[in-house]
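The sequence and the structure are shown first, and the description follows.

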Amino acid sequence: MEELRVVLSKAGDISPIKSSEYVSVGGYEGLRKAVEAPEKVIEFIKASGLRGRGGAGFPTGLKLSFTANTPADQKYIVCNADEGEPGTNKDRVIMEEIPHRIFEGMAIAAVAVGADQGYIYLRAEYPHLKKILEEALADAREHSFIGPNIVNSGFNFDIQLFIGAGAYVCGEETALLDSLEGKRGEPRFKPPFPGVAGLWGKPTLVNNVETLANLPAIILNGPEWFRQIGTEKCPGTKVFTLSGNILNPGVYEYPIGVTIRELFEDVGGCCPNGKKLYAVQTGGASGNIIPPSLLDTPMDIERCSENGATFGAGDLMFIDEDRCLLDVLENLIEFFEHESCGKCTPCRTGNPQLLALIRKFKNGTAKQSDLELMLELGNVMVGGCLCGLGQAAPNPILSAVRFFPEVFKVNNNYERGAS
Amino acid sequence: MTNSIAEVVDADAILVIGSNTTETHPVIGAKIRQAVNRGAKLIVAEPREIPLAQQAEIFLPLKPGTNVAFLNGLMNVIINEDLMDEEYVKNRTEGFEELWDIVKEYTPEKVGEICCIDPEDLKAAARIYAKAERAPIFYAMGVTQHSTGTAGVMSVANLALLCGKVGKYGCGVNPLRGQNNVQGACDMGCLPGDYTGYQKVANPEARAKFEKAWGVGLSSRPGLTITEVMDAIESGEVRCLYIMGENPMVSDPNLNHVEHALRSCELLIVQDIFLTETAELADVVLPATCYAEKEGTVTNTERRVQMIRRAVPGPGDSRDDWMILSEIMHRLGYDNEFSSPQEVLEEIARVTPSYGGFSFERLEKVQPQWPCPTPDHPGTPILHVGKFSRGERAIFKPSPCILGAELPDEEYPLILTTGRILYHYHTRTMTGKNEDLNRVVGRSFVEINPTDAAKLGIEDGGRVRVTSRRGEVEVDARVTNRVSEGVIFMPFHFVDGAANRLTNNVVDPIAKIPEYKVCAAKLRAM
Amino acid sequence: MYKVVIDGQPSEVTNGTTILAACEQLGIEIPTLCYLKHLTPEGSCRICVVEVKGARHLQIACATPCTDGMEITTMNERIYAFRHMIIELLLANHHADCFNCSANGSCKLYQYAMDYDVEQTRFEEVTKFRPKDESSEFFNYDPSKCILCRRCVRTCNQLQSNHTLSLKNRGVATWVGLPFDKLFKDSNCVSCGNCVSVCPTGALTTKASKKYRSWEVTKTRTTCPYCGVGCQMDLLVKNGKIVGVEPADGPANSNLLCVKGKFAYRFINHPDRLKTPLVRKNGVLTSTSWDEALDYVAEGIKRIKAESGPDAIAGFASARATNEDNYVFMKMMRAAIGTNNVDHCARL
Ligand SMILES: Cc1cc2nc3c(=O)[nH]c(=O)nc-3n(C[C@H](O)[C@H](O)[C@H](O)COP(=O)(O)O)c2cc1C
Ligand code: SF4
Ligand code: SF4
Ligand code: SF4
Ligand code: SF4
């Protein structure tokens, strides 16, 4: 299956640093078009149907218009490059290979909403990217793609790189803003949304790396072109990350709507050593775990949720028949317990309890009441945590109980038997 | 205060001068910090590096006694840089020429020298204050307790007027009153020249009004202030002194002189809740109830009248102050009809226009700020909105900087300044009876700069003798950068090691405030 | 104005009103732990959830703004079960030793456990508790009683603005601590006790509160006797004695106090308080009756006035007495004695 590269177009073929090379493949043309008719940018993005690629799938055009329509003396563009979800690597590849496309996207957004300062919040675990991004930024500044009077348009827009705090939750947009402000990164209650009151209380557009990298092509080629790719409700491509027990793990860009089976068999090359596929975790560490019977689900936000899968940031982790699902779950909950910021009650105190309950299943001491408690707790967390971390943390367990009930063996006689 | 406490959190800039707010008015201090958290720029002008200085945009460690020069310097910069509010000065003030005549001499360089500060900091402070939309000035005893205290207060007012910051939300001239009802005691006419609500004894109309209200003839002779009374006792003019709830044996300047006066007073009557140092010298001691045992009203620093209420019975035979006083009046042949504090407040409201709208019944529900002339008047959160109390225009009353009455010399090379600390209050009549507070700070001390300490061979925690022309005390030394070189600081709360054995009883000629904040002293390790 | 319907009752609220405030207007009580009027709502405890028609999940009442036409249900099985679970989760991280706890009777966790019929938590205890800090002269801190509502931290940082308390670590290891894990007595804490006043459990308690339970005390609203700020406060009285002080929402202090207002009340019950009048006899101050003392005073004043005129008498009123006391004092000096020699230490 051929890749369709929009975000990663020419990535790897040119120098990531030199803006001249990016320009030679049509780079910064979108920005030039945007500055000529800034009022059209939001119209275009809205018409394109682009949705956020950071996991939540929020319509990007609408987000832009919130920030644009909030009057303020200062506005900001923040690129969320925290990419902390285990098993996601797509933003890293974009930043490694074609960072100017991100800068261009940020500048287009800035022109559209009236911001003059941007930040890239970079995951602390990507130190090698610091150098690439800094050099690329310096080059862009030197050639006036960022800085004062960008592309001779009269607009000013500069970008500053900020190294993250090393916590997964700082990828959540409001925690990210707190962290940028130098505070302990903790999610804030929304509303107000960042678009209205974000960084230092000012309207702030927060978008994922991949979302921003989509903007130049949309502006350049128009929304109709973009809508031809992908599905009706989710136009465009997605940069998928394939990982786990698969022959060709990696990052691949395909039109949205490609099925999990296509990605598993044609792109990923199935499980190594002829092993049978047992389960797929969709949408990242906090996504649902589905059985092979659902492999024909198209990767599209609506289709995924209808079928009990998760689109998320487009990650797929494949689990073969040799792996124990309870081990996988234990690992995942350990991750969430560790990464919980501790602000809200259900996540702070719920994750350790989920972990304790999973361990009961592992060592065969779980009773029926434990299963019920686990489901009850999981549902309280999904509906009741303050941010996406706690809300999504029980997803792997809840989906596993649904699709793999055989894994959760209960032993109601345990106490009597043990004594 | 011309404005309300609650407004401070909305300030854009705040000037604090002569007030260690977080220790002496802690809750206002907290609100100033809230404003700073929200982005307000804080300017602190104080001889010591007080806690607020850490949050300050600009901290100006003024040499004690140089407030007027500093304020004149600010005005000099503001006028020179065209930052004054010309409209306001034109429409609402008088005497700008006279002001300029004086402040023009106070160039930043000259003020820098007088106050020992960087002229650039002075300029920056002037710009911040003048340019801010909402900028209150807070000051306290660090401005008033000088022989030139009145000039200090006037200069603060001049500054605010010059920038059009009087009569406006979030601005104003805001003296912080030391005790919980100083404001009320003044409002109630416990001042030699004033009846209630600042109606002047010297004004025949006012006198006639009170004569009518009280049904007796009243004296037109001006009365004596505290410090004058002390002198008058020594000269024999005053033979009887009645002290209610005060402890001049710790709080007054030049204690050796006070002690001598009180001991020589023929009839000393003290009404208090404890046998204070002053009560020990009395001929009669009358036991009073304290705030938790009686009803009444008090007026805070923002002119807000609030209730105190009886929570517990008074100990033994103690009685409410007003009851004791009514009894004495009765025995002196003057019959009062008061049977409750409510009735007293009713009379206050009748004879005091600014308190006309207060009654217990109303204060149960709302606590307005005076002036509040009628029961349906909402009170006055901000004074001088639109116009000033005396006619239309405020008059600038400029003054040159006259340095402290007693300056350091070879014999007494240090400047002693005194003040309060967080954990104690006034003469410790109340706080000193709390063991927990005493364990935190139980004895007097003197703060001294490390350079001076090294010169004098003084170590942190060591005992030292502090001497002035009026007396000497022994206290613990605290070696700290909070005070500048040449300056030492002592709290005045403690009987043992009482700072006021050293302070100077010269007073400001107008306000009669003693110069607690500057006197010359020397220090010796023991 | 927005129209909303809460538990079937129609109501009107201004734009920006939270669900909690709208419920308050109708007298409907919602449980809260992290919410405090003077702090920005942060929505961390999650106990105040309500059901909003059309919303997939329960919504927190303290922070969610009302929208026009919103229909809100404040109690049903789903809400009850949710709150029940929150309490169970908190109890699993709590050293519930109510019998020995100063907060017994005023503890919100205890109250809600009772309201939501939580007799025991189904969860295991998972937290390792930090050691107690009893180093302050005025209050104690027991992290094993902390439910991480963060009221204390926000009060210390946002209101007192002293930055003594902060949140340390993350996730289930989160705890409220001091910089460099210092003790209170070695920190920059100014002992204002505002963190203690807002703590809904027995984690931060005054030292004095060991000796009373909330149901034993009556409260009297009054004004602080110390500085000129005029903070409003409630005196807590047990058996005719002041045992504690709580801040009130006065116009000047908005629920804050300082160390003196909060803790310096012991002088009131102090044995050294004057209980009888004293008159100096043979050089010694001796207890006497009111009649004798008052006669002594009146006779003395009369005699001196007769001999030297009224201006031979002077009086100092008090900046700590009430307006009424001071008025009567001033009237005594001027009307009954006839002198203007009346002053007080306004200048000190
Ligand atoms: C716990 C948590 C972690 C997140 N991490 C990331 C991340 O690493 N990168 C990202 O783009 N979005 C992340 N998000 C989503 C952001 O909150 C936000 O929705 C996103 O940055 C919006 O950008 P988009 O609209 O372009 O997708 C995270 C959300 C949560 C709850
Ligand atoms: S859900 Fe978890 S990570 Fe999110 S705010 Fe609550 S405690 Fe923090
Ligand atoms: S007593 Fe006051 S300063 Fe100390 S920790 Fe509590 S709130 Fe902060
Ligand atoms: S100590 Fe008290 S106020 Fe502070 S977080 Fe814990 S329970 Fe809440
Ligand atoms: S509590 Fe503190 S700040 Fe408030 S009035 Fe009393 S002494 Fe002043």
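A:Gly257 lies in the loop between β6 and α11 (260–267) of chain A. Helices (H or I, at least four residues) and strands (E, at least two) are DSSP runs, numbered from the N terminus. With a relative accessibility of 23%, A:Gly257 counts as partly exposed. Here buried means under 20% relative accessible area, exposed over 50%, and partly exposed in between (1.4 Å probe, protein chains only). A:Gly257 and A:Cys234 are 23 residues apart in sequence, and their C-alpha atoms are 8.1 Å apart in space.

The model is predicted: local features need pLDDT of at least 70 and side-chain atom pairs count only at pLDDT 80 or more, while totals for chains, interfaces and linings use all residues. Residues are numbered from 1 along each chain as its sequence is written, chains are lettered from A and ligands numbered from 1 in the order in which they are written, and side-chain values use heavy atoms, with hydrogens and water left out.

**Strands of chain A**

Strand β6 of chain A (residues 250–255) is mostly covered, five of its six residues being buried. Its antiparallel partner is β5(A) (residues 237–244), to which six bridges join it; two strands pair if DSSP finds at least two bridges between them. Within this pairing, A:Thr237 faces A:Pro255 of β6(A). The two strands β5(A) and β6(A) make a hairpin, with five residues between them.

β5(A) also pairs with strand β9 of chain A (residues 315–320), in this case parallel and over four bridges. There A:Thr241 is placed opposite A:Asp315 of β9(A). These strands belong to an open sheet of five strands in chain A, in the order β6-β5-β9-β7-β8, with mixed pairing. Since β6 and β8 (289–290) of chain A stand at the edges, each with a single partner strand, one side of each is left without a neighbour in the sheet.

β1(A) runs parallel to β2(A) (residues 117–122), and six bridges join them; A:Val78 has A:Tyr119 as its bridge partner in β2(A). Five bridges, again in the parallel sense, pair β1(A) with strand β4 of chain A (residues 204–208). In that pairing A:Cys79 is opposite A:Asn207 of β4(A).

**Salt bridges**

Over all chains, the structure holds 78 salt bridges, a salt bridge being a side-chain nitrogen of Lys or Arg within 4 Å of a carboxyl oxygen of Asp or Glu. Three of these pairs are listed below.

| Pair | N to O distance |
|---|---|
| A:Glu181 and A:Arg188 | 3.0 Å |
| B:Arg48 and B:Glu447 | 3.0 Å |
| B:Lys123 and B:Glu120 | 3.1 Å |

In the pair of A:Glu181 and A:Arg188, A:Glu181 is buried, with a relative accessible area of 17%.

The side chains of B:Arg48 and B:Glu447 meet in a salt bridge. This pair links distant parts of the chain, 399 residues apart: B:Arg48 is in the loop between β2 (41–45) and β3 (58–60) of chain B, and B:Glu447 is in strand β14 (residues 445–448) of chain B. B:Arg48 is buried, at 5% relative accessible area, and B:Glu447 also counts as buried, at 5%.

B:Lys123 and B:Glu120 are separated by about one helical turn, because they lie three residues apart in helix α7 (residues 119–131) of chain B. B:Lys123 is buried, with a relative accessible area of 17%, whereas B:Glu120 is partly exposed, at 45%.

Chain A also contains a network of salt bridges that links A:Arg53, A:Lys90, A:Asp91, A:Glu210 and A:Lys238.
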